[in-house]
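Let's take a walk through a protein and look at how its side chains meet. Keep the picture handy as you read.

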Amino acid sequence: MRNHLICLTMSLALALFAAVPTATAVTVVPEGNRNASQPGVPAASAKRTRDLNTTYEAKYQKIYNLLKTDSKLRSKIASVARTYGIDPVHIAGALIGEHTYNVDAYDRLQTYYVKAISYVQQGLAFDYQGETIGTFVKRPQFSECAQFKDSLRLWTCREDVWDHDFRGKTVGGKRFPDNRFSTVFFQPFYAGQSFGLGQLSPLVALQMTDMVNRYSGLPKLDADHAAEVYKTIMDPDLTLPYMAATLKHSIEVYRRVADFDISKNPGVTATLYNTGGADARARALADANAARIANGQAPEFPAENYYGWLVNEKIDQLRALF
């Protein structure tokens, strides 16, 4: 009788265990490129490089040499990477991509500190046609965003509202450009501008400010104080934590949403640093793979773009830096 009860208990336990859904296994994205050859580089990047009378290889060597010869910069990168629990190569990869395809690096780190001070001295404001961002986000269309208390979800919500309710539309008699939120409100000098060693946009900095405050203890940024935002993204000591936070978030959201661990592939994290929108891209990949699996197909892995492809191609050189 006792043996019968033991067997019955074990059977019930097994049945209950089987009824509990198991968590989806997270797949590690291995090192290296998924694409055999480099994806096409955007025409705008090619034009910038021609206009500067330089080449991608020359620009790569310039940023690589800055990293190689400046031991203090490497030490700062390694320290920040430890704080955020990521490999320093992810930060180096983002720097390599930005300064190879977007802007030239300055020869000395000191130049970035000088630039940071100059921005604080300027009377900057985030606005569009005299309406500051602080006033703009008080419009009733943004009321749904009030539920979000963390900076990432708050500013992401506001960006979504911009795209849905304002972009390219006339609201209250005022015509708004068919352009990105970050371009219209957060770039007072000229469109498409990002700044500093990490080439961060002010909007990304505002999204990441809570994480940086939590991990690094830096003061939270306020969109109504544009000069402080610009100083932060120009000053290497301040911008590196924001780079690390952006990369860490991409790794976390791909693990949580798309069931992929991209922490071993700096080319993929660099791609997301370049494109932005890690949350939406992770959701899109998860949805696409759910459909593929339902049709009996293998899931698609995250892939690098032209920018991330270079990072993976140069990975041995980048790892040697640390």
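Is tryptophan 162 buried or exposed? Keep in mind that we're looking at a predicted model. With a relative accessible area of 0%, tryptophan 162 is buried, because anything under 20% gets that label. Phenylalanine 185, at 1%, is buried too.

Now for the aromatic rings. Searching the whole structure turns up 24 aromatic pairs. Tryptophan 162 and phenylalanine 185 make one of them: their ring centres are 6.0 Å apart and their planes stand at 90 degrees, so we call the pair edge-to-face. This pair links distant parts of the chain, since tryptophan 162 sits in helix H8 (residues 151–166) and phenylalanine 185 in helix H9 (residues 181–185), 23 residues apart. Phenylalanine 181 and phenylalanine 186 also pair up, with centres 5.4 Å apart and planes at 85 degrees, so that's edge-to-face as well. Phenylalanine 181 is buried at 1% relative accessibility, and phenylalanine 186 is buried at 0%. Ring pairs join up into a cluster whose members include Trp155, Trp162, Phe181, Phe185 and Phe186. Have a look at tryptophan 155 in particular: arginine 158 lies over its face, 4.6 Å from the ring centre.

In soluble globular proteins, nonpolar side chains tend to be buried together. The largest nonpolar core here has 83 residues, and Ile91, Ile133, Phe136 and Trp155 touch the most other members. Helix H12 gives the most to this core, with 11 residues. If you zoom in on isoleucine 91, you'll find that it touches Ile77, Val80 and Leu240, among others.

Finally, the charges. There are 14 salt bridges in the whole structure. Take lysine 76 and aspartate 237, whose closest N and O atoms are 2.8 Å apart. Lysine 76 belongs to helix H4 (residues 71–84) and aspartate 237 to helix H12 (residues 236–258), so this bridge ties together parts that are 161 residues apart in sequence. Lysine 76 is partly exposed at 26% relative accessibility, and aspartate 237 is partly exposed at 38%.

Lysine 231 and aspartate 235 form another salt bridge, at 3.7 Å from N to O. Here lysine 231 is partly exposed, at 24%, whereas aspartate 235 counts as buried, at 11%. Salt bridges can share partners too, and that joins Glu31, Asp87 and Arg319 into one network.

How values were computed:
Residues numbered from 1 in each chain as written. Predicted model: local features only at pLDDT ≥ 70, side-chain atom pairs only at ≥ 80, totals over all residues. Heavy atoms only, no water. Salt bridge = Lys/Arg side-chain N within 4 Å of Asp/Glu carboxyl O. Helix = DSSP H or I, 4+ residues; strand = E, 2+ residues; numbered from the N terminus. Buried < 20%, exposed > 50% of the residue type's maximum accessible area, 1.4 Å probe, protein only. Core = buried A, V, L, I, M, F, W, Y, C linked by side-chain atoms within 4.5 Å. Contact = heavy atoms within 4.5 Å. Phe/Tyr/Trp six-rings, centres within 6.5 Å; stacked < 30°, edge-to-face > 60°. Lys NZ or Arg CZ within 6 Å of the ring centre and 35° of its normal. Lists of a residue's contacts leave out its neighbours within four places in sequence.
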